[in-house]
Amino acid sequence: MDEQVKKMVDEGVMLPLMEEFYTIQGEGFHKGTAAYFIRVGGCDVGCHWCDVKESWNAAIHPPTHIDAIVKNAEKYSKTIVVTGGEPLTWDMNPLTGLLKEKGLQIHIETSGAYKLTGIWDWICLSPKKIKLPEPEIYAVANELKVIIFNKDDFRFAEEQAKSVNENCILYLQPEWSKREKMIPEIVEYIMKNTKWKVSLQTHKYLNIP
Ligand SMILES: C[S@@+](CC[C@H](N)C(=O)[O-])C[C@H]1O[C@@H](n2cnc3c(N)ncnc32)[C@H](O)[C@@H]1O
Ligand SMILES: Nc1nc2[nH]cc(C(=O)O)c2c(=O)[nH]1
Ligand code: SF4
Ligand SMILES: [Mg+2]
């Protein structure tokens with residue numbers, strides 16, 4: 001990569017952009033709300049069930065100036081979801097600063113595995129056992145969304161719930177390939193442990209991105 005481009009990526013002024021799309025937030029608290037998604041490439045957390053493995057290798061996604069990303073985004077929606085990949089791989093301060101200048105609502109989908117950067121109106125923390133969140137994010141997460149792939153994930157969810165702030169909304173979301181097996185277990189679990197709510201990947205049922 002060009003030295004100057006590399007410098008701009010390091011500074012968060014350019015980002016490896018995988019895709020951008022206008023859709024409906026499918027998951028969590030804001031499910032059902034129209035939003036423009038910015039999917040930034042690069043993630044080395046390595047969840048074996050990740051549904052966007054094509055995002056992992058940042059090198060295959062073109063470094064794109066944040067001016068161009070924001071110019072596009074503002075045409076579509078007042079609500080912007082930044083996802084990936086793992087967006088916190090990169091310095092999110094420049095991108096979110098520019099989105100805020102445009103008066104947009106900015107949400108992040110993150111594993112929290114790296115230092116929290118950026119200004120966010122909504123933080124969805126989806127922690128992963130294999131690379132735990134940096135401690136500072138628990139105090140500011142608006143929702144905790146734990147993916148349920150097997151029974152041990154209920155234990156992990158309870159452990160993670162101990163660390164979040166008292167206003168944080170707690171979700172259990174079935175891992176997509178295990179949904180038939182795990183949905184009944186999640187339903188039973190939530191009826192017994194009522195601080196939890198269910199989150200489904202509703203965009204996959206709606207056949208939208
Ligand atoms: C693809 S990730 C990108 C953002 C960030 N790396 C993260 O994991 O939060 C977006 C959301 O999808 C969830 N997710 C990924 N693969 C999934 C799957 N197979 N089933 C259910 N949820 C999944 C993640 O836990 C996360 O909440
Ligand atoms: N519609 C829609 N909603 C989503 N919520 C979180 C997503 C993500 O991949 O981060 C996602 C996604 O990929 N599509
Ligand atoms: S942290 Fe997110 S993007 Fe990275 S592998 Fe896990 S689910 Fe996929
Ligand atoms: Mg997705």
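## Before we start

Because this is a predicted model, keep a few limits in mind: local features need pLDDT of at least 70, side-chain atom pairs count only at pLDDT 80 or more, and totals for chains, interfaces and linings use all residues. Residues are numbered from 1 along each chain as its sequence is written, while chains are lettered from A and ligands numbered from 1 in the order in which they are written.

## The whole protein

Let's begin with the big picture. The protein has six helices and nine strands; these are DSSP runs numbered from the N terminus, with helices being H or I of at least four residues and strands being E of at least two. Its radius of gyration is 17 Å, close to the 17 Å that the globule rule gives for 209 residues, so the protein is as compact as a globular protein of that length. Here the radius is taken over C-alpha atoms, and the rule is 2.2 Å times the number of residues to the power 0.38. Along the principal axes, the C-alpha trace spans about 55 × 30 × 30 Å.

Of the 209 residues, 38% are buried. A residue is buried if 20 or more other C-beta atoms lie within 10 Å of its own, exposed if 12 or fewer, and partly exposed in between, with C-beta atoms placed from the backbone. Two residues are in contact if their C-beta atoms, placed in that way, lie within 7 Å. Among contacts between residues at least 6 apart in sequence, 64% join residues at least 24 apart.

Which residues of helix 4 are buried? In this helix, which covers residues 152-161, they are Asp-153, Ala-157 and Gln-160. Seen down the helix axis, the buried residues fall within an arc of 70°, so they line one face of helix 4. That arc is the one made by the directions from the helix axis to the C-beta atoms. An α-helix has 3.6 residues a turn, so residues three or four places apart point the same way.

The buried residues pack against strand 7 (143-148) and strand 8 (169-174). On the other side of helix 4, Asp-152 and Arg-155 are exposed.

## Cysteines from the record

An unreviewed UniProt entry lists Cys-43, Cys-47 and Cys-50 under "binding site". UniProt positions follow the numbering used here, feature names are shortened, and annotations may be inferred rather than shown by experiment.

Cys-43 sits in the loop between strand 2 (34-40) and strand 3 (63-65). With 24 C-beta neighbours inside 10 Å, Cys-43 counts as buried. Not counting residues up to four places away in sequence, Cys-43 touches Ser-55, Trp-56, Gly-84, Gly-85, Glu-86 and Thr-89. Cys-50 is found in the loop between strand 2 and strand 3, and its 16 C-beta neighbours inside 10 Å make Cys-50 partly exposed.

## Around the ligands

How many residues surround ligand 1? There are 18, and the closest are Asp-51, Glu-109, Ser-111, Ser-126 and Trp-176. A residue is near a molecule or strand if its C-beta atom, placed from the backbone, lies within 6 Å of it. The elements giving two or more residues to this shell are strand 4 (79-84), strand 5 (105-110) and strand 7.

Ligand 2 is surrounded by residues including Thr-23, Glu-109, His-203 and Pro-209. Pro-209 lies in the segment after helix 6 (202-206). Leaving aside neighbours within four places in sequence, Pro-209 is in contact with Phe-21, Thr-23 and His-203.
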